Amino acid sequence: MNSKSNQAEPGDGAQPTDNGMTHVARFDVFCRQYIAPEGDVVADLPKVANDTELLTTLYRQMVLTRTFDQKAIALQRTGRLGTYASVLGQEAIGTGVASAMRDDDILLPSFREHGAQLQRGVTIRELLLYWGGDERGSDFSGPRHDFPVCIPVGSHFPHAAGAALAMKLRGSNNVAVVIAGDGATSKGEFYEALNIAGVWQLPLLVVIANNQWAISVSRKQQTRARTLAQKAIAAGIPGEQVDGNDAVAVYTATLEALEAIRAGQGPRLIEAMTYRLGDHTTADNASRYRDDEEVSHHWHEDPISRLRDYLTAQSCWTKEDEQSLLEECRGLVEAEADAYLATPAQAVSTMFDDLFEVLPDALKLQREQAIEAVQGDQNG
Amino acid sequence: MADIDLLGAVNLALARAMQDDETIIVLGEDVGANGGVFRATDGLQEKFGATRVLDTPLAECAIAGIAVGVATQGFRPIAEIQFAGFIYPVIDQMLNHASRLRNRTRGRLSCPMVLRAPYGGGVHAPEHHSESPEALFAHIPGLRVVIPSSPQRAYGLLLAAIRNPDPVVFLEPKRLYHAFKEAVSDDGKELALDQPVCLRQGRDITLVTWGASTTEVLSAADQLETEGISVEVIDIATLSPLNDDPICASVEKTGRCVVVHEAVRTGGFGAEIVARIADRSLNSLLAPVRRVTGYDTVIPLPRLEAHYMPGQKQVVKAVREVMELS
């Protein structure tokens, strides 16, 4: 299925009527899907699907993301990690989007985009440091210009527009890529940033990981709009849906959008349809507000088994490959978790040291007091 | 060297900074062709082009958020909020992001931006145009809050704010925009931030203030001098981080203090100054410390506004009372 959103210019298809009304605008939203559950191919595959190395790389990265996710939850359950937001079931979005990006693009992730961050080069140890309550996790070794995760929902959309403005002012052909959830599209910042990006034709890609739930508020309670993609169209920006559990579709949609943006065609929005298989965070209990049957149903759409089924059907993936990948991922995650757990704590003074580039004199006394308080504790 | 008013000094500093540093951009509502509703950015778009002086859609939160984003990528944005009464949606961006980015990335990303806004009452403006929200910003760690009180200080402090590597909220007392002129040399020299300024030396009492209230405080000091009361006046200029050394040194010299500000009293920044004095200089005090401030009410519409603003009379009265108590 070759699809794109189509925004008619005002006046296109104008149909004078006999009641004084003229049809001034018409919009369509399309949804892209290539590989359905059980690996069924439902549309002509894009060229990238011929690149089996790319597809297996996407697959491996999704499995690594899930292995990390399971370990993070296990660490939290055993008191060795803070509250953590699982990305279970949404791995194709982070992997697909970030795989289509270039290093010198900028990623602005929400708090559930571990997959995208891993793909960008943030290490598992760094992710665990952050979720374990250590700021150094956001001083990561991934692209140094990437943003840390955004916790206040949707407040990073304007940052993405600002980063995109910097690219446009420099005349680079990089793109700022912001990822947020469905709930974020109800926020004012979303509309404000999209609107300005449209006016200024900024190199901005907005990806909405629509996992159907904003904690306990369902997608239908979030907005009456038929799609979230159409909200971009309201700002004069093409918006399309993609099956967010079809890694090939996510990757292809992202790549096409990035190419269009790099070619100067202005911002794009992709609404990636997925489902949050886990709780909102480890502090949440989703059984309070949604039925187990609904969750079971969505396991059928799992992005990982879907791509594995496809690769297996193409004779590109064997049980032995699977076994060795799982071992490799577990080994890596365990080693990184050990490194995380062995990381010495920060000195108390660090809470002052990066507040400003140079600590103002007015804060020096408080810094000394904090150090003294710790020394006092240590001395009994 | 021309005599210019505070608004002219803001404009001069913006032009000078943009001339000296190509990474500086200005963005906000009506800042381009219109030169800002007060004309603070007058002529800048003509001089530096529409890619450096950007008219934004009407979206305060995004103006600040875009400034955050572009600041992380090597630019130095100066964002204008048209009136401080419209600045509240921006607090989220300044509090959750601009002020925290350096700290939360342990120095990897920083946010060298200036958020400018005209603030304060006394110009018979419509509803929501006269607020003094400085204490809201002074409560945010990682943020500087700077307020000028004269054309020279507006020029020097704004240059310093723009060149500072961290985010600065620069509140311009709009009552002083055209209040008086003085000679300002366009020499590109900045004034030190975090440094209260002694506007007048005296022996008997210390008056601490900032922004437009310096006008009433200085005129009260003149009046009190004729009554034989020698008044020291300190303009704190940078509210946060507050360098209280000069304040406490002055109070330890005079033994008396009145703090004057236009903002509402409860939780106003005057409370912080009084607390610092209580903490460091209590034993030097000869009398209780008083505050002369706006009331804990909504600032009225223009017909009652004059009754809200703390004026010279109230300052003189408070000083006399403090003198009598000692």
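In chain B, an open sheet is built from 7 strands in the order 3-2-4-5-7-6-12, with mixed pairing; strands (E, at least two residues) and helices (H or I, at least four) are DSSP runs numbered from the N terminus, and two strands pair if DSSP finds at least two bridges between them. Strand 3 (53-55) and strand 12 (238-240) of chain B are the edge strands, each pairing on one side only. From one strand to the next the twist averages 20°, with axes fitted as lines to C-alpha atoms and angles running from 0 to 180 degrees between N-to-C directions. Within this sheet, strand 4 (residues 76-80) of chain B pairs with strand 5 (residues 114-119) of chain B in the parallel sense over 3 bridges. Glu80(B) has Arg116(B) of strand 5 as its bridge partner.

The model is predicted: local features require pLDDT of at least 70 and side-chain atom pairs pLDDT 80 or more, whereas totals for chains, interfaces and linings use all residues. Residues are numbered from 1 along each chain as its sequence is written, and chains are lettered from A in the order in which they are written.

In chain A, strand 10 (residues 268-273) is largely enclosed by the rest of the structure, because 6 of its 6 residues are buried, that is, have 20 or more other C-beta atoms, placed from the backbone, within 10 Å of their own. Arg268(A), Ile270(A) and Ala272(A) point one way from the strand, and Leu269(A), Glu271(A) and Met273(A) the other way. Strand 6 (residues 204-210) of chain A runs parallel to strand 10 of chain A and is joined to it by 6 bridges; Ala209(A) stands opposite Ala272(A). Strand 9 (residues 239-243) of chain A also pairs with strand 10 of chain A in the parallel sense, over 5 bridges, and Met273(A) is the bridge partner of Asp243(A).

Between the chains, 36 residues of chain B are in contact with 33 residues of chain A, contact meaning C-beta atoms, placed from the backbone, within 7 Å. Helix 3 (60-71), helix 4 (91-98) and helix 5 (101-104) of chain B each supply at least two residues of the side that touches chain A. Helix 3 of chain B gives the most, with 8 residues.

Val258(B) is among the residues with the most contacts inside the largest nonpolar core, which has 197 residues; such a core is a set of buried Ala, Val, Leu, Ile, Met, Phe, Trp, Tyr and Cys residues joined through C-beta atoms within 7 Å.

Note on methods:
A residue is buried if 20 or more other C-beta atoms lie within 10 Å of its own, exposed if 12 or fewer, and partly exposed in between; C-beta atoms are placed from the backbone. Two residues are in contact if their C-beta atoms, placed from the backbone, lie within 7 Å.
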